[in-house]
Amino acid sequence: MITSTKFSKNKVLRANEYSPPYHALRDLGLVGAQLEGMDFSGYSLRGVNFSNANLRRVNFTEADLTGANFTRADLSLSVLQRANCTDTTFDGADLTQSYGRGALFYRASMTYCMLRRVTYKNAFFLDCNLEGADFAQGFFVGSKFNGCRKRYMKNADPSKPGGPVYTWYLRPGGGPPRYEPAPQYIPYNVSVTGSLSVQENAARKKLT
Amino acid sequence: MRAQQSTLLRIQFLENDIQNYKADMAKLEDANEIVLMQDKIRDRETRIDENKQWLRALETDPEWGKLVETDGSYLPKMPTFRTEKEMERALENPESWYEEDENEDVQHQMATREMVHRSHNELALQRMDGEGPIATDTDVDAGEA
């Protein structure tokens with residue numbers, strides 16, 4: 001097991017450079033590892049133990065994080081865009097300001113996980129354990145929360161100041177969105193400006 | 001309806017507070033105390049504005065801010081998939097935004113809004129390229145000059 005290891009970018013196997021490409025980092029122990037700013041996009045990181053690791057600004061775009069363990073890891077400013085987080089553990093992890101557009105959290109354990117000021121548009125939380133999770137100022141438009149345990153959740157009320165955003169209220173003729181209902185404004189639970197090159201959709205996959 | 005009534009009541013109480021403070025302020029002579037009283041009045045006015053905003057939100061969506069008892073604690077309603085079919089389709093492509101069982105009017109509004117945005121975007125791009133109406137008006141052809 002590798003602990004407290006400082007990786008350089010060259011030492012980590014890139015998925016597309018070696019064959020077979022995946023599972024190079026499968027079931028690896030990276031407890032307390034210093035991995036700040038690493039790029040794991042497209043990697044298969046099944047069962048990797050990232051407990052207590054420093055994963056600030058790490059890129060997990062389209063990574064397979066099935067069964068990975070991020071207990072008390074620092075994932076602030078990380079990118080979990082379209083990542084597969086099935087059976088992943090985020091207990092006590094700090095996901096502050098992370099970006100997880102289109103990420104899938106299935107049966108993930110996220111107790112007392114910090115999701116402050118995150119952008120998780122179209123992310124799906126299915127059968128997750130969100131007990132005590134902090135949703136302060138999170139952005140969850142298009143996200144769905146089916147079958148989740150929500151006890152002791154903090155700042156999950158969108159009507160309170162500092163609460164998350166689940167719905168946009170838009171005027172049909174255009175204009176900026178509102179985060180609270182208003183006359184003549186239509187609630188949208190989905191992203192409607194998909195094919196446009198505005199900032200919020202810059203990372204969106206092109207629609208077919 | 002109950003939430004609206006309580007909000008109206010709160011506004012009434014705050015207005016009464018302001019009236020009382022104004023009456024008290026008329027009797028005061030110390031400048032510092034007058035300033036403190038003015039601060040209190042301003043605070044109540046801000047709260048009235050907030051409550052009026054809340055009332056406007058409640059008129060549009062009566063369930064805004066309503067908490068539901070889940071797992072022994074009161075939590076807000078969070079968005080969920082309504083059908084299995086919707087979930088399957090979303091898992092296939094998380095970025096798909098047309099919902100099959102969505103109201104037709106809403107779908108139409110969404111399409112209209114996208115069209116408006118698209119035209120704005122094209123206009124902006126034209127201007128950035130220097131081929132738009134603003135750039136052409138200001139451009140002077142060197143050959144003609």
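In chain A, residues 24 or more positions apart account for 12% of the contacts with a separation of 6 or more, a contact being two residues whose C-beta atoms, placed from the backbone, lie within 7 Å. In chain B, residues 24 or more positions apart account for 38% of the contacts with that separation of 6 or more.

This is a predicted model, in which local features need pLDDT of at least 70 and side-chain atom pairs count only at pLDDT 80 or more, while totals for chains, interfaces and linings use all residues. Residues are numbered from 1 along each chain as its sequence is written, and chains are lettered from A and ligands numbered from 1 in the order in which they are written.

The two chains are set side by side below. Buried means that 20 or more other C-beta atoms, placed from the backbone, lie within 10 Å of the residue's own (12 or fewer: exposed; in between: partly exposed). Helices (H or I, at least four residues) and strands (E, at least two) are DSSP runs numbered from the N terminus. The predictor's confidence in each residue is given as pLDDT, from 0 to 100.

| Chain | Elements | Buried residues | Mean pLDDT |
|---|---|---|---|
| Chain A | zero helices, eight strands | 47% of 208 residues | 81 |
| Chain B | five helices, two strands | 7% of 145 residues | 79 |

**Confidence**

The model scores ipTM 0.76 and pTM 0.73. In chain A, 79% of the residues reach a pLDDT of 70 or more. Residues 1–21 of chain A have pLDDT below 50, and this stretch has 26 contacts in the model beyond near neighbours in sequence. In chain B, 77% of the residues reach 70 or more. Over residues 134–145 of chain B, pLDDT stays under 50, and the model has four contacts beyond four places in sequence for them. Where pLDDT is low, the predicted coordinates should not be read in detail.

Chain A reads β-β-β-β-β-β-β-β along the sequence, whereas chain B follows α-α-β-β-α-α-α. Four strands of chain A form an open sheet in the order S3-S4-S5-S6, with parallel pairing; strands pair if DSSP finds at least two bridges between them. Strand S3 (84–86) and strand S6 (144–146) of chain A are the edges, each pairing on one side only. Three bridges join the parallel strands S4(A) and S5(A), and Leu104(A) stands opposite Phe124(A) in S5(A).

The largest nonpolar core has 58 residues, of which Phe50(A), Phe60(A), Leu95(A), Ala103(A), Phe105(A), Cys113(A) and Phe125(A) touch the most other members. Such a core is a set of buried Ala, Val, Leu, Ile, Met, Phe, Trp, Tyr and Cys residues joined through C-beta atoms within 7 Å. Strand S4 (104–106), strand S5 (124–126) and strand S7 (168–170) of chain A each supply at least two residues of this core. Beyond four places in sequence, Ala103(A) touches residues including Leu80(A), Cys85(A), Tyr120(A) and Ala123(A).

**Cys148(A)**

Cys148(A) lies in the loop between S6 and S7 of chain A. Cys148(A) counts as buried because it has 23 C-beta neighbours inside 10 Å. Leaving aside residues up to four places away in sequence, Cys148(A) touches Phe125(A), Asp127(A), Cys128(A) and Leu130(A). The C-alpha atoms of Cys148(A) and Leu126(A) are separated by 6.3 Å, with the two residues 22 apart along the chain.
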